[in-house]
Amino acid sequence: MADGQPIASLMSVPQRSVWLLGQRPVDAQRRGKYVPGSAAHPQRMWPDLATAAIIRYSQPGNLILDPMAGVGTTLIEAVAAARDTIGIEYEPNWVRLAQANLHRANQAGGTGQGTALAGDATALSDVLPSALRGRVALVVTSPPHGRPLQGRVANRTRRVDLAAGLTAVLTGCLPLLRPDATVVVTLRRHPNHPPVDPPDAIPAAGAGAGLTLIEHNIGVLADAHDGQLVPTSPSSPPATTAPRRDGSSLHTSAYEDIYVFRHQPTTDLVAPDQHGVRP
Ligand SMILES: C[S@@+](CC[C@H](N)C(=O)[O-])C[C@H]1O[C@@H](n2cnc3c(N)ncnc32)[C@H](O)[C@@H]1O
């Protein structure tokens with residue numbers, strides 16, 4: 001134990017790591033995977049981010065959920081990696097494209113089974129069948145970010161702020177999760193706009209849903225080589241071609257926060273009785 005620090009405080013510190021997600025151009029990551037029209041979605045996840053999470057936190061045959069699926073990046077990468085998957089998306093046009101992208105993923109040899117449904121992820125029990133309870137091994141999702149959606153999750157009748165909306169989404173996921181499930185939420189802050197959400201909006205939403213934050217990773221959306229970070233996306237946040245040096249600080253805007261939560265069902269948290277038996 002480090003310097004007499006209490007065990008409880010050590011356990012509450014999430015691990016930090018860096019994921020290199022731009023070692024190949026994002027166009028190459030996406031090539032051939034999306035039907036025409038998909039590129040109109042302004043906030044697609046980078047495929048290598050979805051794949052990295054899927055490979056790290058699930059096994060072939062597992063069920064993966066994306067409750068804010070957009071045009072289906074999590075879904076098609078899951079199918080390609082032999083996982084089954086289900087996605088919910090609020091906007092019907094994105095749902096149609098996600099379904100078509102899933103079909104393409106299977107045609108390209110993906111062996112997982114996937115489906116995309118229209119619905120409101122802040123009310124998941126209205127959308128998903130109860131047969132899915134306890135079956136989801138991994139959630140990989142990214143809430144809306146950047147103007148005009150930054151700080152907003154669409155609800156059926158209103159817009160709610162990111163932390164409140166995401167808390168509702170993650171709380172709705174809980175009954176679907178296996179006891180050992182992992183929940184990955186990624187957020188890209190738009191480099192050209194000041195942040196609207198508090199920096200801890202995602203951890204707060206996870207905590208509000210009763211999830212435990214175990215990792216806070218940084219996904220680098222640039223190609224790291226020879227001591228440089230080189231942009232690999234023409235349309236994405238302008239990476240610092242030559243990183244700016246302010247004193248000893250280096251800056252890049254081409255990154256994504258990756259929060260990893262663990263589902264710890266209540267029975268694990270309840271203290272055993274005097275005979276060591278959990279209720
Ligand atoms: C950052 S995008 C996700 C993009 C997706 N990962 C992809 O690669 O296509 C967030 C998505 O959440 C959807 N969304 C917003 N509110 C929602 C809600 N209440 N229920 C379901 N989806 C919602 C938006 O329409 C948007 O497509």
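I take helices (H or I, at least four residues) and strands (E, at least two) as DSSP runs, numbered from the N terminus. The model is predicted: local features need pLDDT of at least 70, side-chain atom pairs count only at pLDDT 80 or more, and totals for chains, interfaces and linings use all residues. Residues are numbered from 1 along each chain as its sequence is written, and side-chain values use heavy atoms, with hydrogens and water left out.

**Entry: end of H8.** I looked past H8 and found Gly 210 following the helix, with a positive phi near 90°.

**Entry: sides of H8.** I listed the buried residues (under 20% relative accessible area; exposed is over 50%, partly exposed in between; 1.4 Å probe, protein chains only). In H8 (residues 201-208) they are Ala 201, Ile 202, Ala 205 and Gly 206. They span an arc of only 135° around the axis, so they lie on the same side of H8. I take the arc from the directions from the helix axis to the C-beta atoms. Exposed Ala 207 and Gly 208 sit on the face turned away from the buried side. The buried residues pack against helix H7 (162-173), strand E8 (177-187) and strand E14 (255-262); contact means heavy atoms within 4.5 Å.

**Entry: H3.** I counted eight of the 11 residues of H3 as buried, so the helix is largely enclosed by the rest of the structure. Among them are Asp 48, Leu 49 and Tyr 57.

**Entry: H3 on H4.** I checked which residues meet: Pro 47, Ala 50, Thr 51 and Ile 54 in H3 touch Thr 73, Thr 74, Glu 77 and Ala 78 in H4.
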